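Please look over the model shown here. The text below it walks through the place where two chains meet.

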Amino acid sequence: MNFTLKVWRQANAKSAGRLETYAAKEIPSDASFLEMIDIVNDHLEADGKEPIAFAHDCREGICGSCSMMIDGVAHGPVKGAATCQVHMRSFKDGQVITIEPWRSVAFPVLKDLVTDRSAFDRIIQAGGYISAPTGGARDANEILVAKSDSDSAMDAAACIGCGACVAACPNGSASLFTGAKIAHLARLPQGQPERYKRVELMVAQMDDEHFGHCTLYGECQAACPKQISIDVIGLMNRDYIVAMATKTPDMAGASGHG
Amino acid sequence: MELKSKVPSGPLEQKWDSHRFNMKLVNPANKRKYHVIVVGAGLAGASASATMSELGYRVSCFVYHDSPRRAHSIAAQGGINAAKNYQNDGDSIKRLFYDTIKGGDFRAREANVHRLAQCSVNIIDQCVAQGVPFAREYGGLLTNRSFGGAQVSRTFYARGQTGQQLLLGAYQALEKQIAKGAVAMHTMTEMIDVIVIDGVARGIVARDLTTGRISTHLADAVVLATGGYGNVYFLSTNAKQCNVTAAWRAYKRGAAFGNPCFTQIHPTCIPQAGEFQSKLTLMSESLRNDGRCWAPVKQGDTRSARDIPESERDYFLERKYPSFGNLAPRDIASRAAKEVCDEGRGVGDTGLGVYLDFADSIKRLGEKTVAERYGNLFEMYERITDENPYRQPMRIYPAVHYTMGGLWVDYNLMSTVPGLHVLGEANFSDHGANRLGASALMQGLADGYFVIPVTIGDYLAQAKLAPVTPEHPEVRAAEAAANDRMKRLVGIKGKRAADSFHRDLGKIMWEKCGMARNTASLTTAIQDIGALKEEFWRNVNVPGSDADLNQALEKANRIADFMELGELMCRDALEREESCGGHFRTEYQTPDGEALRNDDDFAHVAAWQYTGEGATPTRLVEPLTFENVQLSQRSYK
């Protein structure tokens with residue numbers, strides 16, 4: 001198969017970027033989208049030209065590194081798939097494909113298609129954990145968790161932190177990412193003691209990172225490679241209201257915005 | 001040099017306990033005076049960083065990823081073993097110990113493996129406390145499944161994403177410590193060298209992958225948790241960035257490399273589709289619980305799977321290993337699949353594949369139950385191959401998956417360079433010549449949560465370390481060497497992309513040092529790699545600058561190390577004149593084609609000591625003594 005690529009090239013965070021055109025020739029239909037870029041890059045490198053920089057690693061949809069807007073759609077045309085899980089058989093021979101990095105104020109471009117997603121780590125730092133220092137844990141089977149709770153916690157915990165939700169959201173909101181972690185932990189008995197403090201601190205951090213507000217467009221769940229439901233945003237919002245309504249002076253003091 | 005394993009004396013069951021009592025402690029108020037560098041934040045690195053900082057040590061953690069959540073541990077699918085005996089099926093610490101030693105074909109250290117089995121029960125408790133959503137029964141209790149090489153159900157799992165959930169647990173614990181200021185996290189920073197002063201590891205040289213800046217970082221101890229080197233084969237189930245560079249530079253600074261030729265070829269991977277392929281995808285071993293492996297009886301049978309009648313199918317694992325059947329260990333299952341394909345009975349366009357069939361399970365359990373157990377794996381398979389495994393059997397073929405070899409460490413997880421510790425897949429310690437399924441996650445977390453946090457204190461309490469400054473000549477020299485290497489790579493300006501060398505290296509390794517090896521293949525491989533290396537340093541083209549985000553440079557730097565490692569692997573495979581576990585020398589096999597060990601001459605660890613550029617490394621030997629198990633030929637029949 002042959003394609004014409006229009007790829008966002010940007011030298012670094014400070015310089016202006018532009019779309020450059022490349023020919024992707026003789027691409028096998030079984031090649032993945034990233035393998036198609038590998039082929040283009042091999043040619044560029046052999047000619048002494050700088051290859052297209054892009055984040056990638058596991059290439060099986062679990063590490064959350066890959067992150068491309070393909071023809072304006074986060075992770076491209078295949079539902080429930082990360083960019084690395086999209087194969088060229090999903091495109092038409094001769095098609096023009098536009099490839100851009102995630103677009104969000106909170107994810108500055110580092111080079112070409114590589115963005116800085118450290119804001120997600122800082123949201124987790126704000127409270128996306130259960131405080132359980134190593135040692136002293138009681139026997140695992142002493143904590144009973146209903147299968148339905150465990151399953152729904154797992155549904156939310158499946159988030160790979162890729163940022164497609166933010167990239168797809170017209171508001172650039174990180175609510176699906178943040179809500180997924182809040183829901184994962186809130187659905188388990190182990191997560192209860194810190195439940196309301198967690199939601200307060202994580203939501204505050206989300207605001208500090210300049211993510212937009214959620215107005216329930218639902219674009220995030222459509223783009224999510226793990227098909228996480230926006231129900232988690234509902235849970236987050238409800239818990240946030242409870243947290244605000246029951247806020248104690250101690251908790252106010254603790255909210256250091258990360 | 002003598003390899004001192006430092007295994008404590010006393011009965012096996014009491015070694016770890018008495019060792020913990022005998023080790024020196026660092027007073028809580030003094031812990032913050034010590035600075036520990038951890039390289040890598042997979043299961044081992046993240047759990048070690050979090051736990052050591054909880055104890056009070058000052059920790060700096062370095063990863064080349066943009067976030068510690070992306071390490072390749074995240075891709076582990078199947079599960080994690082623990083001797084909980086929740087299923088009341090006769091499991092115990094002793095049984096897990098025995099299965100692991102036997103599974104490793106009696107080439108691992110007894111004391112380490114027993115400690116691993118002991119720690120396994122604490123790991124599950126710790127992970128559940130953190131909120132890891134392991135699979136459960138309707139009554140709320142944890143559930144288990146069986147896994148290759150074991151006859152009990154001791155594997156805990158979180159759908160097909162166990163590694164992800166365990167890693168996120170450790171990552172979240174790490175992020176909590178980062179927020180507290182207890183861990184200094186350096187993302188997108190790749191370790192380029194170890195700084196060794198007066199024979200002791202005192203820091204690292206690192207490269208900021210965004211700016212290209214080389215910097216030095218000093219500490220009281222260095223911990224490498226940098227994973228395995230399966231990508232030396234180019235095609236493997238490893239993530240694309242997995243590399244040997246950190247371990248290799250440590251080797252070149254004096255850390256002995258243990259059993260480099262012990263690599264694991266996993267039996268159930270999606271076969272390669274073409275030359276363009278950049279990596280191979282694993283289909284979890286758990287699929288063998290309900291899937292049956294078969295190949296056509298006839299050679300070159302081109303009929304579609306469903307058209308081949310039962311009488312013309314060879315369920316080769318069930319036939320050869322009736323008691324373990326489809327659950328035979330990985331090395332054995334892989335070789336059996338290779339044999340079938342070598343006989344011309346392979347399936348698919350390339351003939352390099354066998355079937356993994358779920359038709360019987362779907363009939364017995366119903367499609368719904370099968371979907372519940374393996375739905376996400378089936379989906380993954382269909383997405384890649386465009387074939388529906390509910391309707392037609394999967395095609396699978398072995399692929400490189402894990403490396404049991406790694407930097408040699410003593411019982412305290414310290415390498416032959418004092419102060420340099422190695423955890424997880426990066427060390428050689430626990431899996432012998434073959435790792436059993438669901439044991440890698442167990443080892444990474446045992447090392448990180450429960451072993452290194454204790455043993456590092458013993459080292460620090462006794463090491464009398466003089467202060468070092470960035471101006472120290474050794475620090476300056478290591479920094480300059482790193483800068484020179486980067487400049488040299490971008491300065492070659494040859495005609496070939498770095499990846500093309502990697503593909504060539506992979507082909508050499510797979511064909512000549514892969515599932516089957518012999519003197520002739522290994523000797524040619526060493527020559528081929530020498531020639532490839534020579535061309536690389538003359539003809540690679542690394543465009544762009546070293547002072548920039550430059551992924552071509554990152555690759556070239558790693559590939560240069562892979563070539564040197566490949567040579568050492570072949571040398572190690574050549575010297576080990578026996579077959580054991582994943583190391584199969586065609587000269588040494590039983591009449592029915594099983595691995596033929598030579599316990600008289602090779603019941604030892606071979607650890608290679610670097611002796612300088614171009615010089616033949618020295619092969620050191622750590623004899624393995626088995627006081628608690630009887631060495632026997634592994635039988636899964």
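What follows describes the interface and then one residue beside it.

This is a predicted model, in which local features need pLDDT of at least 70 and side-chain atom pairs count only at pLDDT 80 or more, while totals for chains, interfaces and linings use all residues. Residues are numbered from 1 along each chain as its sequence is written, chains are lettered from A in the order in which they are written, and side-chain values use heavy atoms, with hydrogens and water left out.

Chain B has 74 residues in contact with 76 residues of chain A (contact: heavy atoms within 4.5 Å). Together the two chains bury about 6,200 Å², 51% of it on carbon and sulfur atoms; buried area is the accessible area (1.4 Å probe) that two parts lose on being put together, summed over both. Arg70(B), Phe276(B) and Arg383(B) supply 12% of the area that chain B buries against chain A, more than any other three residues.

Seven salt bridges join chain B and chain A (a side-chain nitrogen of Lys or Arg within 4 Å of a carboxyl oxygen of Asp or Glu). One of them pairs Glu45(A) with Lys555(B), at 3.7 Å from N to O.

Glu35(A) lies in helix H1 of chain A, residues 33–46 (helices are DSSP runs of H or I, at least four residues, numbered from the N terminus). Beyond its neighbours within four places in sequence, Glu35(A) is in contact with residues including Asp30(A), Phe276(B) and Lys279(B). Glu35(A) is buried but has no salt bridge, and the nearest side chain of opposite charge, Arg59(A), is 5.0 Å away. Here buried means under 20% relative accessible area (1.4 Å probe, protein chains only), and Lys and Arg count as positive, Asp and Glu as negative, with His and the chain ends not counted.

How values were computed. Helices (H or I, at least four residues) and strands (E, at least two) are DSSP runs, numbered from the N terminus. Buried means under 20% relative accessible area, exposed over 50%, partly exposed in between (1.4 Å probe, protein chains only).
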